Amino acid sequence: MNAKFKVLASASAGLLLLGALTATAVEVGQKAIAQTTQQGDLDLRAQAPINRIRIVFANRRDATDLQNKANQVAQILSKEIGMPVDAVIGDETAAVEALRANRADVAFVAGRAALKAEQLAKARMYLAEVRSDYSGGNTYDSVFVVRQDSPLRPKGSAKQTLEQLKGKKMAFASRTSGSGFIFPISELVGQRLVTGPDRLDSFFGNVSYGDGYSSALQAVLRGQADVGAVSEYALLPPWITAEEGKRLRVLQEVKGVPAHGIVIDDRIPAPMRERLINAFMKMNEPANNQLFRSLYNSQRLVKVDHTRHLATLRQALVRAKLEP
């Protein structure tokens, strides 16, 4: 190849390289612009003025006609805060996801969902319910339940009592229940009877999981399980009949399960959050209290500190080696 051809070849190669670099730079720039635009949209949505509040009321087995009652609560809250309030019914997983995606601003959920909402959406619990069937007011007991004719009896200590469960058939309310799984497992681990939720078969003769309190209690009543783990209030209707309740007794309680309550997303400005909290507190007044009681059988709401209220649950999850 002569010198002229060599110069032309070098020039062509340089142009090709320059073209490739330019194309790459353009592509990178376009991606950066797209990402910036997308982030800008997210920022704008986060900064957009809030002119409507969306509340998710979590389903519960003992709640009836929930949508209609939640709509009435929403109307009262709307009047108090001077802003439209929408009530939506959904399970707790959907409630947390709605908070995370800014499709909801407030949710009425249990403690474990509140911890998840804190983790994913930076929401916090500001109000907790008080019920007459909660022995601790805004906390309640997880209980190990047996039949009245069971040979299992309370002993001198919790450990001595629970040691009797070795080799027995155990029915948990569900794998996600606070009082029907997390707190019982935490107690068993704390008493060094099991090492974690994945080693239950080494202690119990058989382990089953239901779809709620009723299924665990029915397993005990039918003799399919020797002991069940539920909330203390599950020994009353509507979970079981009064007659069935007489055939059961508490073997051991685990105290300190935090009551369900109201979480508010962190995108709600502090002044508006205070207005919301004060509006919810109006549900304690005689004119509104009967409606509020009909929602979840709650007597009233009390203000709580998120961290302190959920501390026992957080500790139980850590000890039980479970995630929020």
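Analyst: In this predicted model, ring pairs join Tyr 134, Tyr 140, Tyr 213, Tyr 233 and Trp 239 into a cluster, and the structure as a whole holds 12 aromatic pairs. A pair of aromatic rings is described by the distance of the centres and the angle of the planes.

One of these pairs is formed by Tyr 134 and Tyr 233, whose ring centres lie 5.6 Å apart with 40° between the planes, an arrangement that counts as tilted. The two residues come from distant parts of the chain, 99 residues apart: Tyr 134 belongs to the loop between strand E4 (124-130) and strand E5 (139-147), whereas Tyr 233 belongs to the loop between strand E8 (227-231) and helix H8 (242-245). Are these two tyrosines buried or exposed? Tyr 134 counts as buried because its relative accessibility is 4%, and Tyr 233 is buried with a relative accessible area of 4%, where the cut-off for buried is under 20%.

Tyr 233 also pairs with Tyr 213, here in an edge-to-face arrangement with 5.7 Å from centre to centre and 85° between the planes. This pair, too, links distant parts of the chain, since Tyr 213 is in helix H7 (residues 213-221) and Tyr 233 is in the loop between E8 and H8, 20 residues apart. Both Tyr 213 and Tyr 233 are buried. A charge is found at Tyr 233 as well, for the charged end of Arg 131 sits over the ring of Tyr 233, 4.5 Å from the ring centre.

The loop between E8 and H8, which holds Tyr 233, also holds Pro 238, and a cis peptide bond with an omega of about 10° joins Pro 237 and Pro 238. Most residues other than glycine have a negative phi, and most peptide bonds are trans.

Arg 192, which is not a glycine, has a positive phi of about 60°; Arg 192 is found in the loop between helix H6 (178-190) and strand E7 (206-209), and with a relative accessible area of 75% it is exposed. Asn 297 has a positive phi near 65°, although Asn 297 is likewise a residue other than glycine; its place is in the loop between helix H10 (286-296) and strand E11 (300-303), and at 42% relative accessibility Asn 297 counts as partly exposed. A further charge over a ring is found where Arg 60 lies over the face of Tyr 296, at 4.0 Å from the ring centre.

The crossing in which H2 passes H9 is right-handed, and the contact is made by Leu 77, Glu 80 and Ile 81 of H2 together with Arg 275, Leu 276, Ala 279 and Phe 280 of H9.

Note on methods:
Residues numbered from 1 in each chain as written. Predicted model: local features only at pLDDT ≥ 70, side-chain atom pairs only at ≥ 80, totals over all residues. Heavy atoms only, no water. Phe/Tyr/Trp six-rings, centres within 6.5 Å; stacked < 30°, edge-to-face > 60°. Helix = DSSP H or I, 4+ residues; strand = E, 2+ residues; numbered from the N terminus. Buried < 20%, exposed > 50% of the residue type's maximum accessible area, 1.4 Å probe, protein only. Lys NZ or Arg CZ within 6 Å of the ring centre and 35° of its normal. Left-handed = near helix turned anticlockwise from the far one by under 90°. Contact = heavy atoms within 4.5 Å.
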